[in-house]
Each structure stands twice: as C-alpha cells, then as structure tokens.
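Hello,

Here is the structure I promised to pass on. Please open it first, then read my notes below.

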Amino acid sequence: MKIKAYGLRIATIVYAILHFLTYFFPSDILLTVLAISGFAILLFAFLHFGLKGFKLPLMLFLIGLVVLLYANNFTLSDIYAGFLQMRDIIGLLIIVPMISWVLRGEAYMEAILSRAHQAINTSRKFYFSAMVFTQVISYFLLFGAIPMVYQFINDILKDEKGEGWENFKGTAVLRSFALSTMWVVSIPSFIFAVETMKASLWLAIIQGMVIAALGIGISVAFSIRDEKKYGLDITTVLQGKIAGILQSASSKKVSRKLVMEFLFLFVTLFGTIFALHGFFGLELMMTIPIVIFFWSLLYYAIKQRPGKFVEEAHHYTIEGMLKQSYQLSIMLGAGMLISALNQTGFGTSIVDGVYYLQQHIPFLNFLYLLPFIVILLGFLGLGPLTVMVLVAGILESIALPYPPELIVLAVTSGSVISILLSPLIMPVIVLSASNGLNGFKNGIKFNLGYAIVFYILVQCYIQTMIHVF
C-alpha cells in the first residue's frame, strides 16, 4: 500500500514540476517524461483505488483507446498526446488547494460575522448574505466552500431542525456555489471554458457576475416563498441566535483587522491574476497556479510562519495529494478521450445534427440545447470539470457562429443546473453528507423549480444577445 501511495505522490509532483518547467523551457525529452509521469499517475491511482473505485477514469481512458483504434490512429505518439492534452488543467488542480491553506490561517469567517451582524438580522438579509459569502469563499475553496459555509450557517442555527430549515440552509449554499461557476476565476471548469473558447476573460466574468447576481435575487424570492410554505419565522430565531453569538465574539479591533486582512487577500489574489494576464499575456491556466503558489508563500512569509507552510505542504503531500489523484486521473482519462475524438469527425457530426434540427425547428439554435448536454452528462455522474473538459474540448474544434462569451455562458449555465439537480456529483453529495438529507431532496426536490426559472433567464439573455449582435 505504501509503495502505491509513494509512487502516486512522486508521479504527481513530477508531472506538476515538468508541466510548469516545459511551459517556459520547452524540451522534447522533458515532455516525454511528462507524458510518462501522466501514465504513472493513472497506473498508481488505479492500483491505489482498485477497480471498484476507479471505474470512471478507467472507462474514459479505455473509450479513448477504442476511439483511436476506430480512427486507425493507435500509435505511441497518439497516446503521448492524450497524456498531455489536459496538462494545463492538471497543473491548476494540483496547485489550487493551496488557497485553502491561507484561509485556515486566521478566524476570518467569524470576524466577518461579528462585523456584519446588522446585514444578516432578517431571513432575507441572512439568505442573501450567505449566498454572497459562499460566492467569495468559493473563490478560495471551490466546492469545499459548501461544507464550510453550511457548517458556518449551521453553527448559528444548530438547534433548528426539519426539512424547512434544511431547505433554507442548504439551498443558499448549493445555489450560490453553482452560480459561482459562471464567473469565479479560480474555478477550473470556468477558466477552462474561457481559455478553450478563446473568450474575453473580462466579458465572461462580468457577464457571469450579472447572471449570478440575478440568480441570487431569484433564489431569495424562492426562499421567501419556501419560508411561508413551511410556516417558519426565521427572522425572530436569527435575531436571538446572533445576539448570543455577539456576546462571545472577539473585540471589535481584532475582528476589524481580520476583515480588512481578508479583503486584502481577496483583492491581491484576484488583482495579481488579472494584472499578469493583462500586461504580460500569460495564459490563464498558467497564470493562476503560479500566482496562487507565490501568493500563498508570501502570506506565510509576511506572517512569519514558515514552519506552518511546511506543515501544510507536508499534510497536502501525504493526504491531500492522494485524494486529489482521483480527479487528476479523470482528467488524464478525459484527455485521452478528447485527443482521440478530435481525430474523428465526432464534433462536426454533433453540430450537423443540431443544424438538421434547426432546419426542422426554425426557432431552435445550438445554444438552446448546449446546456442540456452538460446537464445530461451531470446526471450520468460526471462532475462539472469533467463535463466542461469533454464538452469544451469538443467545441474547441468546431467553428460556431456565436460570440465565444455566449458559448461560455451556455455551457456554464448547464453546469449550474447540473450542480443544482444531479445527486450523483460532488456538490450535492458533499451537501448531503453535511445535512444528512438524501441527494434527491437536496437536488431535484429543493431546486427543480429554481433551475427551470434560471434556465429561462439565461436563455432570454443569450437569445437577445444573438439577435442584437
């Protein structure tokens, strides 16, 4: 067992180092070693998880090989290309968890609560603030924001049980995280779609933020309806709970300092990524992990806690990297499949099929249907990033007559709905583990109506933009 784990860690570290090294100093020999280390990740992960726990990555990889055989392109160079196809996203996935090391450095969330209690003293304010807060924390923790923010809310409302209360707590977190996948630059699925579609980052983020803001407004309206439906008086309960928490809160001076520090961290990370991308033209998939690494390093240097940085790095290497390896293996398998599909006419066939439908149903266009492809794959158990890699990877090879920012919005809106509804992917699974409700209730029962309204909202915007421009 130890040999498998050591092999997996070493292969992952080698892949990450060579990915960044070969970007700045291209070398055929090092690229070959990079591809070999990709195969080693897949092999050691298979040995570590076993056949039963490794079905999806193995299935993607084997389907890719079958497609290569079908296309009469089964050569070592094609296998090599498959292991390098997803190198950017794998490099990003390995580095992004470092953001959470910084967030755990101080009691930032508790400080924010003590400073913002006036903004959360009614059910509407609390729900809205919880959604906004989840968006911000998603920037740091990705879907790890779901259990963290849920626990944060539950600590305030820990004595309140029942379906109505869990609807109030769970939908705020899940819907907000889902909406964050439309604009948060550190979420791999969003940035992969932007990069692959060659969309403007600024336009994609602004467009996503506007839709996310409207989505939050719609969600607040749904929460008001649900509060009446379940016969709850959330405002009265909240005010009593918050008063009790404030009695034991840190001093105003300390909490204010931590809030300002948190905002500074957010702005410096976000701003540095934009500055490097804008001024130096570095690819986003390369800019983000580099900035995250040095930003985290600088945080611990300024805090004079080098030992804590080493401790976090050791823990991540020993524990986190093994957990991360499953997602990396999915990306390697997906890379093999995409590389193989790009050598066939698969993408063109899909578009031809859609155009055929358009001829028979004139008002229908590709962007109406694109979200449903993502949703369908989500209900097959594929997570948002895996789906984005597959769909965007195929769309990359197709010339679509739409602005790339609208294609990104259509794809990410499908990802939002998939996250809201599918009980087979991580966000709903993580929420279910946190609140004890089954995936069907947390997903379809609580969010189906909201998902339908959200789809209509997004399509109204997309179709209007198509006709305007």
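H1 and H15 cross in a left-handed way. Left-handed here means that the near helix is turned anticlockwise from the far one by less than a right angle; clockwise would be right-handed. Helices (H or I, at least four residues) and strands (E, at least two) are DSSP runs, numbered from the N terminus.

Before the rest, some ground rules. This is a predicted model, in which local features need pLDDT of at least 70 and side-chain atom pairs count only at pLDDT 80 or more, while totals for chains, interfaces and linings use all residues. Residues are numbered from 1 along each chain as its sequence is written, and side-chain values use heavy atoms, with hydrogens and water left out.

**Helix packing**

Two packed helices are described by the angle between their axes and the distance between the axes. H1 covers residues 2–24 and H15 covers residues 284–302. They pack at about 120°, with axes 12 Å apart. That makes H1 oblique to H15. Axes are lines fitted to C-alpha atoms, for helices over the stretch in contact, and angles run from 0 to 180 degrees between N-to-C directions. Under 35 degrees counts as roughly parallel, over 145 as roughly antiparallel, 65 to 115 as roughly perpendicular and the rest as oblique.

Which residues meet here? From H1 come His 19, Phe 20, Tyr 23 and Phe 24. From H15 come Met 286, Pro 289 and Ile 290. Contact means heavy atoms within 4.5 Å.

H2 (residues 28–49) and H4 (residues 76–84) pack at about 75°, with axes 9 Å apart. These two helices are therefore roughly perpendicular. Tyr 80, Phe 83 and Leu 84 in H4 meet a set of H2 residues, including Leu 31, Phe 39 and Leu 42.

**Rings**

Rings of Phe, Tyr and Trp (its six-membered ring) pair if their centres lie within 6.5 Å; planes under 30 degrees apart are stacked, over 60 edge-to-face and the rest tilted. The count is 17 aromatic pairs. One of them is Tyr 23 with Phe 24, edge-to-face at 5.0 Å centre to centre and 85° between the planes. Tyr 23 is partly exposed at 27% relative accessible area, and Phe 24 is partly exposed at 42%. Buried means under 20%, exposed over 50%, partly exposed in between (1.4 Å probe, protein chains only).

Tyr 299 and Tyr 300 have ring centres 5.2 Å apart and planes at 90°, so that pair is edge-to-face. Both are buried. Ring pairs also link them with Trp 101, Phe 309 and Tyr 316 into a cluster.

The rule is NZ of Lys or CZ of Arg within 6 Å of the ring centre and within 35 degrees of the ring normal. Arg 9 lies over the face of Tyr 6, at 5.4 Å from the ring centre. Arg 175 lies over Tyr 450, at 4.6 Å.

**Single residues**

Lys 198 is not a glycine, yet its phi is positive, about 55°. Lys 198 lies in the loop between H11 (188–197) and H12 (201–230). Its relative accessibility is 65%, so Lys 198 counts as exposed.

Gln 304 has a positive phi near 55°. Gln 304 is in the loop between H15 and H16 (306–341). It is exposed, at 68%.

Ala 145 is in H9 (residues 145–156). Is Ala 145 buried or exposed? Buried: its relative accessible area is 0%.

Best wishes
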